[in-house]
Amino acid sequence: MKVTFKNLLKAYSGACDGLVYYYNPRLDRIICRRYVRPRTSPQNALLGVKSRNLSKIPLSDLFKQDLRYYAESGRQRGEYLNWRNVLIKMMYEMEKSLPDVDLATITKAEIYTKDLPCRCVKSAVEAGLLAPVRGYQALINSM
């Protein structure tokens, strides 16, 4: 839900009355959502393990730049807000398509030794992990 304030308080963020407010600089809007307390379940625990492991993988600055370009191209269709969304989408699609990949234990060395398609954006698009965008052939920088 888009939020409007009467007193022009543009940089507000936080929680109030069961709602969470935050500013999104890419959209240049303050967004409001209902606060939902997450339920603890085995799936949530597994998701947390996978997310922590993916955040530990060191990425090169050029690879991040390629992901930013891809996110900017996909933002026109409303798909991605930042490069991290592209990375997560790519990794989970790879886990779906390749049964021997486990995101809870994957490492950068394993990505290179198994020659996985997430090494660069171009190979991910060609493997069907990401949708093709204009100029994806130039996104060849590896992790």
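Student: What makes Asn53, Leu54 and Ile57 count as residues that Ile106 touches?

Tutor: Contact is a matter of heavy atoms lying within 4.5 Å, and by that cut-off Ile106 touches Asn53, Leu54, Ile57, Met94, Val101, Ile111 and Leu116, with residues up to four places away in sequence left out of the list. The model is a predicted one, in which local features need pLDDT of at least 70 and side-chain atom pairs count only at pLDDT 80 or more, while totals for chains, interfaces and linings use all residues. Residues are numbered from 1 along each chain as its sequence is written, and side-chain values use heavy atoms, with hydrogens and water left out.

Student: Which residues touch the most other members of the largest nonpolar core, and what makes such a set a core?

Tutor: A nonpolar core is a set of buried Ala, Val, Leu, Ile, Met, Phe, Trp, Tyr and Cys residues joined through side-chain atoms within 4.5 Å, where buried means under 20% relative accessible area, exposed means over 50%, and partly exposed lies in between (1.4 Å probe, protein chains only). The largest such set has 29 residues, of which Tyr70, Met90, Met91, Ile106 and Leu130 touch the most other members. Helix 2, helix 3 and helix 5 (121-126) each supply at least two residues of this core, and helix 3 gives the most, with six. The helices are DSSP runs of H or I with at least four residues, and strands are runs of E with at least two, numbered from the N terminus.

Student: Why is the pair of Lys89 and Glu93 called a salt bridge?

Tutor: The term requires a side-chain nitrogen of Lys or Arg within 4 Å of a carboxyl oxygen of Asp or Glu; the closest N and O atoms of Lys89 and Glu93 are 3.4 Å apart, so the pair meets the definition. The two residues are four apart in helix 3 (residues 83-97), and therefore separated by about one helical turn. Lys89, at 37% relative accessibility, counts as partly exposed.

Student: Where does Asp66 lie, and which side chain of opposite charge is nearest to Asp66?

Tutor: Asp66 lies in helix 2 (residues 61-75). With Lys and Arg counted as positive, Asp and Glu as negative, and His and the chain ends not counted, the nearest side chain of opposite charge is Arg68, 9.1 Å away, and Asp66 is buried yet has no salt bridge. Asp66 touches Val121, Leu139, Ile140 and Asn141, again not counting residues up to four places away in sequence.
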